Amino acid sequence: MLIKPHIRRLSSSVLMLRKITPEDLKTKTKSVSSQQWLSRQLSDPYVEKAKLMNYRCRSAFKLIEIDDRYKFLHPGDTVIDCGAAPGSWTQVAVKRVNSDGDKLEIPKGTVLAIDRQQIYPIKGAMIFGNMDFTSSESQQTLIDSLNGKRADAVISDMAPSATGVRVLDNENIIKLCYIVLRFAVQVSKKNASLLMKLWQCGESKQLENDLAKFYNNVKVVKPNSSRSDSTEVFLLGRDFKGLKNG
Ligand SMILES: C[S@@+](CC[C@H](N)C(=O)[O-])C[C@H]1O[C@@H](n2cnc3c(N)ncnc32)[C@H](O)[C@@H]1O
């Protein structure tokens, strides 16, 4: 039967919106890894909760948990979110620092969000999509956008694309963390915080020690919403010592 192109397009988007059902898991044509992914999505309470609360992904709960515990985001703060797509950390940061100005009685903050992928607009955030954070041009753009202000928090949920070779992947995320640390030191005000994701590996302890050279209080955090079978942890540095000339 001949189907008009617009109807074909509509039916494929309807399919995309359809809820994943246990029946999907039985489909023989799916690869083992996509079946595992589907099964994990179905049984993950944070996926459902994220949908209900309009967060773009389940990662929101990692930042919520960490900030509920350590309270490093405050109304009026300036936050730089690195590796922000699709945007759930940005959504959380906007509310915590009130950068959307929703609450008139408390100070209004600023949130900058950067990712090498596209980020759809979020009210209250300055979006820098399709930009590689590691390039000096991108970092300069962020600094220029601060308009002379310094950051109260730099948060990074960035991870490099996995190669499948664990040693190489660990090396790449550690390198990325050092780039974030160098940037944070450059743009942060005294007493600021830095939160960054890493995969626990041989070099994590050295990174933690190096963080402690710049931050008075350093913690390794594993929120409940971070999957227990993942080596993912977060390093939180609080109370930035500041730079002598900064
Ligand atoms: C786990 S996701 C972040 C999820 C995000 N925190 C959220 O809650 O929506 C990691 C992101 O880091 C980004 N990323 C990795 N390396 C990057 C780089 N060098 N520059 C910019 N973004 C990067 C990826 O494109 C990806 O979107």
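Student: What distance separates the centres of domain 1 and domain 2, taken over C-alpha atoms?
Tutor: This is a predicted model. The domain assignment gives domain 1 as 18–52 and domain 2 as 57–240. Taken over C-alpha atoms, the centres of the two domains are separated by 28 Å.

Student: How many residues does each domain give to the contact, and of which classes are those on the side of domain 1?
Tutor: Domain 2 supplies six residues and domain 1 supplies four residues. On the side of domain 1 that touches domain 2, the classes are three nonpolar, no polar and one charged.

Student: Which residues does UniProt list for the Ribosomal RNA methyltransferase FtsJ domain, and how far apart are the end C-alpha atoms?
Tutor: The unreviewed UniProt entry lists residues 55–240 for this domain. That span is 33% helix and 26% strand. Its end C-alpha atoms lie apart by 30 Å.

Student: How many helices and strands does the protein have, and what share of its residues is buried?
Tutor: The secondary structure comes to nine helices and seven strands. Among contacts with a separation of 6 or more, 62% join residues 24 or more positions apart. Of the 246 residues, the share that counts as buried is 34%.

Student: What span should helix H8 have, and what are its end C-alpha atoms apart?
Tutor: Helix H8 covers residues 166–187, which is 22 residues.

Student: Which elements cover the buried residues of H8?
Tutor: The buried residues of H8 include Ile 173, Leu 176, Val 180 and Phe 183. Their cover includes strands S1 (78–82), S4 (151–156) and S5 (188–199), along with helices H7 (136–145) and H9 (204–211).

Student: Which residues around the ligand come nearest?
Tutor: The shell around the ligand divides into eleven nonpolar, six polar and five charged residues. Of the 22 residues around the ligand, the nearest are Ser 59, Gly 83, Ser 88, Phe 133 and Asp 157.

Key:
Residues numbered from 1 in each chain as written. Predicted model: local features only at pLDDT ≥ 70, side-chain atom pairs only at ≥ 80, totals over all residues. Near = placed C-beta within 6 Å. Nonpolar A, V, L, I, M, F, W, Y, C, P; charged D, E, K, R; others polar. Domains from an automatic or database assignment. Contact = placed C-beta atoms within 7 Å. UniProt positions renumbered as here; feature names shortened; annotations may be inferred. Helix = DSSP H or I, 4+ residues; strand = E, 2+ residues; numbered from the N terminus. Buried ≥ 20, exposed ≤ 12 C-beta atoms within 10 Å, placed from the backbone. Expected span 1.5 Å × (residues − 1).
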